[in-house]
Amino acid sequence: DWNALFGRDAPVVLDLGCGNGRFLIGSALTRADHDHLGTDILPVVIRYARKRGNQRGLANLKFAVLGGRELLEKHVPPHSVAEVHCYHPQPYYDPAQVHRRLVTPAFLALVHRSLVPGGLFVVQTDNPGYWKYIREVVPMFFAFHERIGRWPDAPRGRTRREIIALRKGLPVFRGHGTARTDITEENSVRLAEE
C-alpha cells in the first residue's frame, strides 16, 4: 500500500538491487513529487543507503532488505508503479549459475504487471553477454531503446558500479523502455513461460 508507506499519493519509483542508493537518493532529491523504494538483498548496503537518505531528510525515500523478484511477486499491486530501475544485476558468469540471474522472462512479466500503462523500465549492465540476452528478451515486454552514451542527469554514473566500470574503461550498456500496451498480463505470463 504505497499511500500507507509514504503517506501520500504520488508516482512510485523502484530500484531493484539498489546497492548504496546512489541513483535513488539523487532521484529523490531532484524529484520530490515521486516516492522512491530501493531494495537489495545485502543488509549492509541497505543500512548505508538508509543512513545517507536519512541524513538528507528525504521523506519520499524508503529502503528494504528484499530481493527484487520477491518484492514484485508478493508486495507490488498490479499497475501501481511508475518506474522500475535495475542497475547492474548480478550476471553470474559461471554457466552453472546463469539460472540465478534476475532478468528473465518471468521477472520481466512481473515488471510489466507492476508498471502503470506506459510505465518505464530501465536496465543497465557492464556484462556484454548479459546485455546481448537483455536486448533479445526485454523487447517482448517493452518498447525498448538502447541508450547510446551516458545518462544526461549523471554523466559520471548513476551508480557506484557504473562509476567504477567507466574508470576501468569497461563498456556500460544502458536501455529503457515503456511497458507495451499490446500485450495483456496473461499474454506476458505466457511469453515468459515459453
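Q: How do the residues lining the second largest pocket divide into nonpolar, polar and charged?
A: The lining of the second largest pocket has five nonpolar, six polar and five charged residues, where Ala, Val, Leu, Ile, Met, Phe, Trp, Tyr, Cys and Pro count as nonpolar, Asp, Glu, Lys and Arg as charged, and the others, Gly among them, as polar. This is a predicted model, in which local features need pLDDT of at least 70 and side-chain atom pairs count only at pLDDT 80 or more, while totals for chains, interfaces and linings use all residues. Residues are numbered from 1 along each chain as its sequence is written, and side-chain values use heavy atoms, with hydrogens and water left out.

Q: What volume does that second largest pocket have?
A: Its volume is about 310 Å³, taken as the space filled by probe spheres set on grid points that are joined across faces, edges and corners. A pocket here is an open set of points, on a 1 Å grid over the protein atoms alone, where a 1.4 Å probe fits and protein lies on both sides within 12 Å along at least five of seven lines; lining residues have an atom within 4 Å of a point.

Q: Which element gives the most to its lining?
A: That is α2, with five residues; helices (H or I, at least four residues) and strands (E, at least two) are DSSP runs, numbered from the N terminus.

Q: And the largest pocket, what volume and how many lining residues?
A: The largest pocket has a volume of about 870 Å³, and 32 residues line it, with G17, D40, H88, P89 and Q90 nearest its centre. The largest share of that lining, four residues, comes from α4.

Q: Changing topic, is H112 buried or exposed?
A: H112, which sits in helix α5 (residues 105–114), counts as buried because its relative accessibility is 6%, and buried means under 20% relative accessible area, exposed over 50%, and partly exposed in between (1.4 Å probe, protein chains only).

Q: Which residues is H112 in contact with?
A: Leaving aside neighbours within four places in sequence, H112 is in contact with F141, F142, A179, R180, I183 and S188, contact meaning heavy atoms within 4.5 Å.

Q: Where is P78 found?
A: P78 is in the loop between α4 and β4, and with a relative accessible area of 44% this residue is partly exposed.
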